[in-house]
Amino acid sequence: MPRDHIVINRKLGEGAFGTVYGGEAFILDKGWVAVAVKTLKVGAIIEEKLDFLSEAEMMKRFDHKNIVRLLGVCTVGEPVYTVMEFMLYGDLKTYLLARRHLVKEPNRNLSDEASDKCLTAMALDVARGLSYLADLKYVHRDLACRNCLVNAGRTVKIGDFGMCRPMYDSDYYRFNKRGMLPVRWMAPESLNDGIFTTMSDVWSYGVLLYEIITFASLLPCQMSGVMACCCTKSSHSLVFHTKACRTIRCWSL
């Protein structure tokens with residue numbers, strides 16, 4: 001995408017590789033449309049640039065109403081841009097946290113913002129997007145409310161494909177690198193053996209469901225990341241200290 005087809009208006013936040021902006025882009029057959037622009041910080045090393053562009057390469061293969069759509073990439077000059085559809089309400093975690101005060105409202109279910117019907121529809125949106133990825137034999141590996149985005153119509157779409165990988169002819173992807181991992185959302189086989197499959201994504205989806213029904217509570221409650229990791233490894237379950245739900249088990253291994 002030509003750089004002069006992109007206009008940046010405001011800062012939306014910080015991403016793993018650089019700043020994320022809101023703006024407009026000129027798209028053939030559509031004209032100027034609202035977009036989100038991910039930038040790669042100036043002076044990034046080659047490895048960072050490859051990781052940044054590999055996410056865009058991954059996203060251009062997807063075409064589904066519950067997957068964030070990539071609109072273009074600008075690699076001429078700096079900073080490098082990836083241009084995506086604009087999601088008005090931002091990430092699902094922030095959306096839920098901003099509406100946590102509505103939990104005890106007697107008329108909550110009359111609202112379109114946080115009713116049981118709305119939350120169920122959001123959970124279904126994520127399930128559809130995840131099913132699409134599984135059909136294409138991709139494993140996301142980082143499914144969580146923070147990595148799902150909400151558009152103006154409150155449709156939820158899966159985003160952040162930095163850890164997404166194809167499984168090709170195998171039914172699993174083995175992760176060999178060490179680094180920051182979302183341990184609270186990871187399945188036992190992923191924590192123990194570095195193995196990621198569509199089923200480990202289902203485990204993460206189960207944790208995401210808990211996030212939705214508790215309006216983005218920390219998981220598991222009152223546990224550090226290390227404690228949560230040990231609990232999942234030893235018992236193949238996550239224990240939540242709430243009145244609503246004591247234990248969530250995704251499956252027995």
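Which residue in β5 does Val73 stand opposite? The answer comes in point 3.

1. Basis. This is a predicted model, in which local features need pLDDT of at least 70 and side-chain atom pairs count only at pLDDT 80 or more, while totals for chains, interfaces and linings use all residues. Residues are numbered from 1 along each chain as its sequence is written, and side-chain values use heavy atoms, with hydrogens and water left out.

2. Overall content. The chain holds six helices and 14 strands; these are DSSP runs, numbered from the N terminus, with helices being H or I of at least four residues and strands E of at least two. Of its 253 residues, 46% count as buried, where buried means under 20% relative accessible area, exposed over 50%, and partly exposed in between (1.4 Å probe, protein chains only). Among contacts with a separation of 6 or more, 58% come from residues 24 or more positions apart; a contact means heavy atoms within 4.5 Å. The accessible surface is about 13400 Å², and carbon and sulfur atoms contribute 55% of that (Shrake-Rupley method, 1.4 Å probe; for residues, only the protein chains shown count as cover).

3. Five-stranded sheet. The order in this open sheet is β1-β2-β3-β5-β4, with antiparallel pairing; two strands pair if DSSP finds at least two bridges between them. The edges are β1 (6-14) and β4 (70-74), and each has a single partner strand, so one side of each lacks a neighbour in the sheet. On average, neighbouring strands here are turned by 30 degrees against each other, direction ignored; axes are lines fitted to C-alpha atoms, for helices over the stretch in contact, and angles run from 0 to 180 degrees between N-to-C directions. β4 pairs with β5 (residues 81-85) in the antiparallel sense over four bridges, and Val73 stands opposite Thr82 in β5. The two strands form a hairpin with six residues between them, and Gly77 in the turn has a positive phi of about 85 degrees.

4. Strand β5. On its other pairing, β5 is joined to β3 by five bridges, running antiparallel. Five of the five residues of β5 are buried.

5. Three-stranded sheet. A further open sheet has the order β6-β8-β9, with antiparallel pairing. β6 (90-91) and β9 (156-158) are at the edges, each with a single partner strand, so one side of each has no neighbour in the sheet. Two bridges link β6 with β8 (residues 148-150) in antiparallel fashion, with Asp91 opposite Leu149 in β8. Helix α3 (residues 116-135) packs on this sheet and touches β8 and β9; its direction makes about 30 degrees with that of β9.

6. Surface patch. Val7, Phe26, Leu28 and Trp32 make up a nonpolar patch on the surface, with about 400 Å² of accessible area together. Patches consist of residues with over 30% relative accessible area and no salt bridge, like charges being joined within 9 Å and nonpolar side chains (Val, Leu, Ile, Met, Phe, Trp, Tyr) within 5 Å. A salt bridge is a side-chain nitrogen of Lys or Arg within 4 Å of a carboxyl oxygen of Asp or Glu. Trp32 belongs to strand β3 (residues 31-39) and is partly exposed, with 44% relative accessibility.

7. Val183. This residue is in the loop between β11 (173-174) and α4 (188-193). Its relative accessibility is 22%, so Val183 counts as partly exposed. The C-alpha atoms of Val183 and Ser204 are separated by 9.9 Å, the two residues being 21 residues apart along the chain.
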